[in-house]
Structure formats: C-alpha cells, structure tokens
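Dear colleague,

Please find below the sequence and structure that I am handing over to you.

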Amino acid sequence: MSDFTNKTILVTGASSGIGFAAAQAYLEQGAKRVYIIGRNAQKLELAQARLGERAVALVADVGNLAQLEQM
C-alpha cells in the first residue's frame, strides 16, 4: 500500500463493510484526515466514533448529483 502520511482521503460507503475497512486502513497508514461518506447518519456517526477524531462524517448519496456537488 502507498504512503498516506499527511494525506486527506475521501471514502464513500464508509459506514460499514469494505468502505469502513478502507477508511480504517488509511488512518492506520497515517492519513491526516479521512472523510467518510454514507447515506445513513446513524451508521456514519457510529463509524466515526470507532475511527476516531481524524475521521469526519458527511451524510450524502453520491448517486445524487446535487448532494455530490454540495459535498
């Protein structure tokens, strides 16, 4: 895996499964900040709590162009 030290990463579908594991891996690899994106606010909140303070949760549906642009 590449060096993610001091990088800012955005992971979609990060409230569970592969997206969550990817966000966790980026943080473990030294990412400065990981933005986790998902549609379910409650699941995202739990994921953010598990990932720690360098994770930032954003509720959005990347299939919705207006939400994607706002994000």
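Predicted model: local features only at pLDDT ≥ 70, side-chain atom pairs only at ≥ 80, totals over all residues.

Helix α1 (residues 17-28) has twelve residues and spans 17 Å from its first C-alpha to its last, close to the 16 Å expected at 1.5 Å a residue. Its buried residues are G19, F20, A23 and L27. Viewed down the helix axis, these buried residues fall within an arc of 100 degrees, so they line one face of α1. An α-helix has 3.6 residues a turn, so positions three or four places apart point the same way. The buried residues of α1 pack against β1 (8-12), β2, α2 and β3. On the face turned away from the buried side, α1 carries the exposed residues G17, I18 and E28. Just after α1, G30 adopts a positive phi of about 100 degrees.

Helix α2 covers residues 41-51, and L44, A47 and L51 are buried in it. They lie on the same side of α2 because they cover an arc of only 65 degrees around the axis. The elements covering these buried residues include α1, β2 (33-38) and β3 (55-59). Exposed residues Q42, E45, L46, A49 and R50 sit on the face of α2 turned away from its buried side.

The two ends of α2 also deserve a note. At its start, a side-chain oxygen of N40 comes to within 3.0 Å of the backbone nitrogen of Q42. After α2 comes G52, with a positive phi near 105 degrees.

With kind regards

Technical notes. Residues numbered from 1 in each chain as written. Heavy atoms only, no water. Buried < 20%, exposed > 50% of the residue type's maximum accessible area, 1.4 Å probe, protein only. Helix = DSSP H or I, 4+ residues; strand = E, 2+ residues; numbered from the N terminus. Arc of directions from axis to C-beta. Contact = heavy atoms within 4.5 Å. Polar contact = N/O pair within 3.5 Å; in protein donor to acceptor, adjacent residues only side chain to side chain. Expected span 1.5 Å × (residues − 1).
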